[in-house]
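Work through the exercises below with the sequence and the structure at hand. Each task is followed by a solution in steps.

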Amino acid sequence: MDDTGELTLVARKPSFGLPTSCPQCLPVYIYLKFAKIPFTLSFNLVYPDSDQIPYVESGTNVAYNNEKGGVIEGLKKAGIVDLDSEASALPEWISMTALASSWLGDAIMYDLWLNSDGSSARKIYYDDLPWPIGKILYFKQVNFTKQLLGLTRENSERREEEIYRRAEIAYSSLSTSLGDQQFLFGNRPTSLDAVFLGHALFALHALPETSVLRSKLLEHSNLVNYAEKLKVEFIDNSSPSSSIPPLHTGGGGPSNWSSKPKTKPKKEKTEEEKKFKRRTKYFLVTQLVAVLVFLSLLGGSEVDVDEDDGDDDHDYDD
């Protein structure tokens, strides 16, 4: 990735008063805001379950979320922006970063997909899709999350306790490290601040009031004040270093997309709209086929999920 091209962050759409309500996208957005680097913000509504999102384009090169270390690490390795040069060798910073990325990341996934009514997840990922497709993709992600977190019917209670216990440890450690400082380490933000601030803002604004994780975060007033203060400084009142272009609609996947200059003639925009309509129709058809194949392979297991909801809220697989 070179540092001469304009940066474009492709993320999931905004909601809940956040510039992007995706828990993976928000830390990358904040990291670029901390770095005060101009970038264009684009929203991808066509691939809601893609693990490549978020991604950042610079020139002809792209840093994807599903690459080793994620987008932030890709930006650092490419020499685009590295906020961690002074902190990355500190053992405390390394351990805190691991807690925020791993333990708090697991807790967000558990609360978002398994320990709630799913309304937040649907609003973030599937609201723009036809109901049957969104429903199937939602249940696929629920099952994927169970597998990723190692949840079964037998260990569900123990794993839930472990996930929230680790979240409590992470919050306590971060609260102690922060104290009454503006940032978690030193007087400058690092990627740890971006990761945790993204987590905290998502928990406070996107998770429902009944969220267990949200209630545990609210027990640490300095973390809450830290999150809201930085939100005002770097998100709400920051100068508009990003603009929102039309919907990202790359027909062959994210890597084929390029941003559209604002100076394009009206006729070209009309052509883009035609392309978007064609690609949308193609996407809906392919998703419908995927749904039919998914239903035939599962043999109606999703119906069992709905019927079991009253008896077992988590519906863990054996």
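The model is predicted: local features need pLDDT of at least 70 and side-chain atom pairs pLDDT 80 or more, while totals for chains, interfaces and linings use all residues. Residues are numbered from 1 along each chain as its sequence is written, and side-chain values use heavy atoms, without hydrogens and water.

**Exercise 1.** Locate K13 and decide whether K13 is buried or exposed.

Solution. Step 1: K13 sits in the loop between strand 1 (7-11) and helix 1 (25-35); helices (H or I, at least four residues) and strands (E, at least two) are DSSP runs numbered from the N terminus. Step 2: the relative accessible area of K13 is 15%. Buried means under 20%, exposed over 50%, partly exposed in between (1.4 Å probe, protein chains only). K13 is therefore buried.

**Exercise 2.** Which residues does K13 touch, leaving aside those up to four places away in sequence?

Solution. With contact meaning heavy atoms within 4.5 Å, the residues are T20, S21, F43, L45, K123, I124, D127 and D128. The K13 side chain also lies 3.2 Å from the backbone oxygen of K123.

**Exercise 3.** How do strand 3 (residues 55-58) and strand 4 (residues 61-64) pair?

Solution. Step 1: pairing requires at least two bridges found by DSSP. Step 2: these strands pair in the antiparallel sense over four bridges, and Y55 has Y64 in strand 4 as bridge partner. Step 3: two residues separate the strands of the hairpin, where G59 has a positive phi near 65°.

Definitions and conventions. A polar contact is a pair of N or O atoms within 3.5 Å; within protein, one must be able to donate a hydrogen and the other to accept it, and residues adjacent in sequence count only if both atoms are side-chain atoms.
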